[in-house]
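Subject: Structure handover

Hello,

Here is the structure I promised to pass on. Please open it alongside these notes.

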Amino acid sequence: MRPALAAIAVVAVGTAALWRGTDGGRAFTSEGARRLAVARQPRIIPPVRLQDQDGRAFTLAELGGRPVAVDFIFTRCTTLCPALGRTFAAVQRELPSSGTGAAAATPVLVSISIDPARDTPERLMEYARMHGADPRRWRVARPLSDADRTALLAAFGIRVIPDGAGGFVHNGAVHLLDARGRLVTIVDYDNPHAIAERVTAGS
Amino acid sequence: MPGARARGAAGVALWGALAVPAVRHLLESSMVGHMMGELPALAAAGWLATALVPGRARRALAAFDPHGVAAVLTAAFAITAWSLPRQLDAAITSPASALTRLLLFPPLAGSALALGWERMTGLGRAFVAANSLSMVGAMGWLYVAAPVRLCTSYRFDQQQTVGVSLLAATGLLCAGLVAAAFVGRVPPA
């Protein structure tokens with residue numbers, strides 16, 4: 001009897017630990033865990049100073065009352081970032097134009113550079129032009145200091161590692177902020193239509 | 001037993017070495033080093049250190065688990081849990097997770113397996129060995145076939161290298177198992 005009970009106890013404790021460690025079998029990766037955590041508990045994003053492709057300084061909070069979709073890029077990137085750029089270009093086409101309805105509520109797209117030292121406003125402008133970014137609706141920006149970059153990446157839960165060729169590897173996802181500036185949803189970048197719908201609806 | 005004491009000391013020394021930050025960082029700098037170097041080494045440290053467990057404690061454990069089933073199940077759960085991609089990331093990004101793994105993985109994976117192994121029947125050992133083959137093989141296939149990065153701490157190409165290495169390890173384990181099964185000593189009739 002005792003051996004059977006011991007085995008059953010191990011299976012019960014082991015299953016409970018695995019269940020807890022995977023958020024109920026829903027997150028086996030840290031990216032999955034990050035998305036679940038944000039969906040459960042929206043995150044406050046620190047008011048980090050950013051500078052966009054026109055050299056204008058702003059914070060995400062200053063976009064004031066508008067839903068925001070954020071992705072992270074670096075302009076030298078030849079793999080993930082061009083795909084993220086194509087996604088935002090497609091989302092931009094689907095967004096309501098700022099001339100119709102409540103202009104104040106028009107969503108904004110923000111691409112944030114993870115390589116602010118190299119990504120000067122000129123480089124950001126090149127990236128913006130390459131993807132047809134309309135500066136009123138899609139701002140390509142960089143944090144203004146290393147401390148700002150670190151704070152922003154930590155708040156979003158972005159992990160940046162070297163790619164072994166002088167560039168970076170990082171989480172590829174689209175981050176939706178609600179009108180109060182809180183990170184509320186993280187989604188895959190492969191469905192621009194769904195992103196446009198969600199960000200228009202205020203995530 | 002001097003041999004047992006030396007084995008136990010080697011286990012504790014290995015455990016201590018794996019606690020040194022420089023050693024950890026070196027092993028964790030590549031995904032292969034992390035999964036196929038550090039984790040097996042932590043388990044090996046626990047396995048070897050088991051030699052220091054006194055006879056009284058072994059007998060007490062044997063009273064609860066005479067066939068080693070609970071011990072081997074403990075090891076299986078520990079290995080599964082700490083092999084999850086998010087746990088590999090956590091061990092790198094969270095010092096608390098790293099410390100928890102350093103303290104718990106050797107006893108729960110290595111020592112539990114060692115204590116269970118010595119009480120298992122031959123058929124039980126063969127069952128565990130054959131199942132570990134399919135487990136390592138499936139994990140290798142998963143890492144080779146996954147279309148996305150599973151760990152945010154490692155590149156996609158490192159993940160594929162782990163997959164190929166796990167498949168190679170499966171082949172070696174399989175060869176070893178076949179050799180042990182069919183070329184081993186014949187028991188007296």
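Below are the notes on confidence, the sheet, the helix contacts and the interface.

**Ground rules**

This is a predicted model, in which local features need pLDDT of at least 70 and side-chain atom pairs count only at pLDDT 80 or more, while totals for chains, interfaces and linings use all residues. Residues are numbered from 1 along each chain as its sequence is written, and chains are lettered from A and ligands numbered from 1 in the order in which they are written.

**Confidence**

The model scores ipTM 0.89 and pTM 0.90. Chain B averages a pLDDT of 95. In that chain, 98% of the residues score at least 70. (pLDDT is the predictor's confidence in each residue, from 0 to 100.)

**The sheet in chain A**

Chain A has an open sheet of eight strands. The order is 1-10-9-4-5-6-2-3, and the pairing is mixed. (Helices, H or I with at least four residues, and strands, E with at least two, are DSSP runs numbered from the N terminus. Two strands pair if DSSP finds at least two bridges between them.)

Strand 1 (43-44) and strand 3 (57-58) of chain A stand at the edges. Each has a single partner strand, so one side of each is left without a neighbour in the sheet.

Strand 2 (residues 50-52) of chain A runs antiparallel to strand 3 of chain A, joined by two bridges. A:L50 stands opposite A:F58 there.

Two helices of chain A pack on the sheet:

- Helix 3 (residues 80-94) of chain A touches strand 4 (68-73), strand 5 (108-113), strand 6 (138-143) and strand 9 (174-177) of chain A. Its direction makes about 160 degrees with that of strand 4 of chain A.
- Helix 4 (residues 121-130) of chain A touches strand 2, strand 5 and strand 6 of chain A. Its direction makes about 150 degrees with that of strand 6 of chain A.

(Axes are lines fitted to C-alpha atoms, for helices over the stretch in contact, and angles run from 0 to 180 degrees between N-to-C directions. Two residues are in contact if their C-beta atoms, placed from the backbone, lie within 7 Å.)

Strand 1 of chain A and strand 10 (residues 182-187) of chain A run antiparallel, with two bridges. A:R43 has A:L183 as its bridge partner. Strand 10 of chain A also pairs with strand 9 of chain A, antiparallel, over four bridges. A:H175 stands opposite A:I186. Strands 9 and 10 of chain A form a hairpin with four residues between the strands. In that hairpin, A:G181 takes a positive phi near 80 degrees.

**Helix 3 against helix 6 in chain A**

Helix 3 of chain A also packs with helix 6 (residues 192-200) of chain A. The angle is about 50 degrees and the axes are 8 Å apart. That makes the two helices oblique. (Angles under 35 degrees count as roughly parallel, over 145 as roughly antiparallel, 65 to 115 as roughly perpendicular and the rest as oblique.) A:T87, A:A90, A:V91 and A:E94 of helix 3 meet A:P192, A:H193, A:I195 and A:A196 of helix 6. By class, the contact has five nonpolar, two polar and one charged residues. (Ala, Val, Leu, Ile, Met, Phe, Trp, Tyr, Cys and Pro count as nonpolar, Asp, Glu, Lys and Arg as charged, and the others, Gly among them, as polar.)

**Helix 9 in chain B**

Helix 8 (residues 122-145) and helix 9 (residues 156-182) of chain B pack at about 160 degrees, with axes 7 Å apart. That makes them roughly antiparallel. Their contact divides into 15 nonpolar, six polar and no charged residues.

Helix 3 (residues 31-49) of chain B packs with helix 9 of chain B at about 35 degrees, with axes 8 Å apart. B:M31, B:V32, B:M35 and B:M36 of helix 3 make this contact with B:Q158, B:Q159, B:T161, B:V162 and B:S165 of helix 9. The classes are five nonpolar, four polar and no charged.

**Where the chains meet**

23 residues of chain A are in contact with 20 residues of chain B. On the chain A side, helix 1 (2-21) and helix 2 (30-40) are the elements that give two or more residues. Helix 1 of chain A gives the largest share, 10 residues. The chain A side divides into 12 nonpolar, seven polar and four charged residues.

Best wishes
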